[in-house]
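I opened this model to look up a helix pair and a few backbone angles. My notes follow.

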Amino acid sequence: MAQVEKRGGLLRKSSASKKPLKEKVVLMYDEIFMTEDPSKCSPRFWEELFLMKVNLEYLEGKLESLDGEELMKIKDNINCLFQHCIQALGEEHPIRVVNALQTLCALIRGVHQKNKSTSGFDIINMLMGFDKAELCMKNLMESLDSLLCAEGSESLKSLCLKLLLCLVTVTDNISQNTILEYVMINSIFEAILQILSHPPSRREHGYDAVVLLALLVNYRKYESVNPYIVKLSIVDDEATLNGMGLVIAQALSEYNRQYKDKEEEHQSGFFSALTNMVGSMFIADAHEKISVQTNEAILLALYEAVHLNRNFITVLAQSHPEMGLVTTPVSPAPATPVTPLGTTPPSSDVISSVELPLDADVQTSNLLITFLKYSSIVMQDTKDEHRLHSGKLCLIILTCIAEDQYANAFLHDDNMNFRVNLHRMPMRHRKKAADKNLPCRPLVCAVLDLMVEFIVTHMMKEFPMDLYIRCIQVVHKLLCYQKKCRVRLHYTWRELWSALINLLKFLMSNETVLLAKHNIFTLALMIVNLFNMFITYGDTFLPTPSSYDELYYEIIRMHQSFDNLYSMVLRLSTNAGQWKEAASKVTHALVNIRAIINHFNPKIESYAAVNHISQLSEEQVLEVVRANYDTLTLKLQDGLDQYERYSEQHKEAAFFKELVRSISTNVRRNLAFHTLSQEVLLKEFSTIS
């Protein structure tokens, strides 16, 4: 018997002696694309259709091949197909439900694809008909809700979520997707929460559920009342919030693990050996090769949870075993194509591993630590647009955390010490820190380390001004909390002071180039005011009196930088140019720093002359400083411990619209034909009872 091959809905004998035969389902699709009602001649047409294995490719292709006028001619049949799909969702036989779900995916995508042309028909009318749209969508959403909440097939739940993601992401700008109005009215919010609160469902579907929720929250969020925003903001169920946190932690951990694996692979390779032989001239090139796709979708979900729900803040500190240290037997997974922006969910093996009981010998972690590690990787390279967006979103999330009273309480808690191994950018002038030497410290130290690391590593021609401003704002907000609550944090403050002074030096040495693109005085003022914060209130939050002395030592030691800054801002503030006002603010802000320099420098020179010492040691300078505090006069500066709270709608709306557009595009691409494959589903429902 001749072997039968199947291609594009055709059944073809390998001998090619006869005309190709079409699959039955394809013949049935062709009948739908006629102007006549297919059930007229065949009363059982719709019943039989949903027993046939769906040919997604053919159905979508057929819809796309028709022009607007041809499509309008078969509108009644399309409406009929859509309605029968929804009816089939209520069937007892799972095969019918599976086929109906997949047909709906093809219909929605195919009709939306047509709408990109100038055919001018309305999608809702084309799919359902205006008169029946409300009832159709109500029935559809109720059926999906029932399937997601039922104890039945996990494969069916997965397909329901895929259909909902398909529905949400068919347009790049989700706020222009009018079908989502019905998803707002007929909410599936509770079904999503049920998935997240139930461990087995969460392991299977948590990733899709979290991404779906993040996208729904962003539908017309600035134009109207979005019920998903309202409901997310008041969720207080611990199991649900922890479930959401676990899904996010697992996705970020998977990214961190992939990056670490690539880094180790890179270091152990031939290129690493060559680099060691020749020197560090290739470090930048070597680093560029270590690239793992960022995951903006899951980061957006974390942002929405932190920003909208005060109760979620507690989830950030929930301990679990550190991913990568807990191992479970893993069966080899088939190779899957790399998808953009990390829209692929982490494997279920990874997801289940973090839910193991805590072991006293295992380093514990939490969502915040995982997020800080993720941020340290993403923020290394901001030249790539996706990484720049990810880096910005990381800093926005940190801004929200730094403003929250409860978050600050556990960040600064001396009883919650962790060893956080942040990724550090390879640089020629410093050695890589050994992981084992990391001390256990309050989590705020890791946040400050991350900010210092960013400051030190991004002084470059393509200067990321916006990220620097956000970075300094995070530090300032943390200092405001420490001052307000008199928290004496044992931190190596010198590293921060040194980084800030080096940043000022960079701004001055690149004044001409930077001023052509940025108002560098905004950033300079913020840096100077951080020093003013330490000078004015440092005695209330620096760990020891000697720390306050060291602050003065650093200012005096680096006085030339502050003198140069004063000369620069004085020059620009006395001219009638565009920077006059901005520069004059920095001039006024420098008053106390200049008072310190002008007060102590003559005394240090006098001490050196009297004792015949050409170069004073640090201890000798500190001795002079301690002896002359009493005669120092400083001005009280107002508003140093005040800041403008984060506001998304007024300042970040454009960024989030563009970000959600990018995520929507990539989620849609990831819903490729293979992800809707029936093979697994048909195995599960191999018998129809």
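At what angle do H24 and H25 pack, and how far apart are their axes? I first noted the ground rules. This is a predicted model, where local features need pLDDT of at least 70, side-chain atom pairs count only at pLDDT 80 or more, and totals for chains, interfaces and linings use all residues. Residues are numbered from 1 along each chain as its sequence is written, and side-chain values use heavy atoms, leaving out hydrogens and water.

**Helix pair.** I read an angle of about 145° for H24 and H25, with the axes 13 Å apart. Axes are lines fitted to C-alpha atoms, for helices over the stretch in contact, and angles run from 0 to 180 degrees between N-to-C directions. Helices are DSSP runs (H or I, at least four residues), numbered from the N terminus.

I then listed the contact (heavy atoms within 4.5 Å). From H24, Tyr468, Ile472, Val475, Leu479 and Gln482 meet Trp493, Leu496, Leu500 and Leu503 of H25. The residues of this contact divide into eight nonpolar, one polar and no charged. Here Ala, Val, Leu, Ile, Met, Phe, Trp, Tyr, Cys and Pro count as nonpolar, Asp, Glu, Lys and Arg as charged, and the others, Gly among them, as polar.

**Loop between them.** I found Arg486 in the loop between H24 (465–485) and H25 (493–509). Its phi is near 50°, a positive value in a residue other than glycine. Arg486 is exposed, at 58% relative accessible area. The cut-offs are under 20% for buried, over 50% for exposed and in between for partly exposed (1.4 Å probe, protein chains only).

**Another loop.** I checked Arg220, between H12 (199–217) and H13 (227–234). Phi of Arg220 is near 45°, also positive. Arg220 counts as partly exposed because its relative accessibility is 28%.

How values were computed
Helices (H or I, at least four residues) and strands (E, at least two) are DSSP runs, numbered from the N terminus.
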